[in-house]
Amino acid sequence: MQVDITTPALLFPAITLLLLAFTNRFVALATLARGLRQRYKETPGMEATVLGQIKNLKTRLLLIRNMQALGIASFFCCVLSMVLMYLSKQVIADYVFGASLFLLLGSLILSFIETQISTKALTLELSDLESKTSDKVES
């Protein structure tokens, strides 16, 4: 397959939108972490649930950081492959572009894993809420 200079350019919007989505996830997690910290201080007796959620958040933050790093590296490789094509280094440019695709794939895999962990965190939060609700109904 022959890759021309427009092929890597096609990934620009996709990668930048992914990076924006990853940043939004990070901001949401940072807000949640601050809220959990406050809840931990204010609510004695809920330490196990809150500590479990904090541990979960740490894992998710690490994944998001790595998702962003792979996305940025993918974007860098796209630009580098375009520069190499401009300099008539087609073979090297093809390999660099291939690397950018693999980096993007890695970022997407981490995004999938983070989504699965996020779902587990919501299940934990809802189960805590359900137990409180059932306690009130029984009273």
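**The pocket and the core**

By class, the residues lining the largest pocket are six nonpolar, three polar and three charged. Please keep in mind that this is a predicted model.

The volume of that largest pocket is about 170 Å³. The lining includes Leu29, Leu32, Leu36 and Arg39. Also among the lining residues are Gln53, Asn56, Leu57 and Arg60, as well as Ser118, Ala121, Leu122 and Glu125.

Let me stay with one of these, Ser118. Where does Ser118 lie? Ser118 is part of helix H3, which covers residues 90-138. Is Ser118 buried or exposed? Its relative accessible area is 17%, and buried means under 20%, so Ser118 counts as buried. The side chain of Ser118 also makes a polar contact of 3.3 Å with the side chain of Arg60. Both Ser118 and Arg60 line the largest pocket.

In soluble globular proteins, nonpolar side chains tend to be buried together. Here, the largest nonpolar core has 22 residues. H1, H2 and H3 are the elements that give two or more residues to this core. H2 gives the most, with nine residues.

Which residues have the most contacts inside the core? They are Leu11, Ile15, Met67, Cys78 and Phe97. Take Leu11: setting aside neighbours within four places in sequence, Leu11 is in contact with Cys78, Phe97, Ser100, Leu101 and Leu104.

Terms used: Residues numbered from 1 in each chain as written. Predicted model: local features only at pLDDT ≥ 70, side-chain atom pairs only at ≥ 80, totals over all residues. Heavy atoms only, no water. Helix = DSSP H or I, 4+ residues; strand = E, 2+ residues; numbered from the N terminus. Buried < 20%, exposed > 50% of the residue type's maximum accessible area, 1.4 Å probe, protein only. Polar contact = N/O pair within 3.5 Å; in protein donor to acceptor, adjacent residues only side chain to side chain. 1 Å grid on protein atoms, 1.4 Å probe; cavity = no way out; pocket = protein on both sides within 12 Å on 5 of 7 lines; lining within 4 Å. Points joined across faces, edges and corners; volume = space filled by probe spheres on them. Nonpolar A, V, L, I, M, F, W, Y, C, P; charged D, E, K, R; others polar. Core = buried A, V, L, I, M, F, W, Y, C linked by side-chain atoms within 4.5 Å. Contact = heavy atoms within 4.5 Å.
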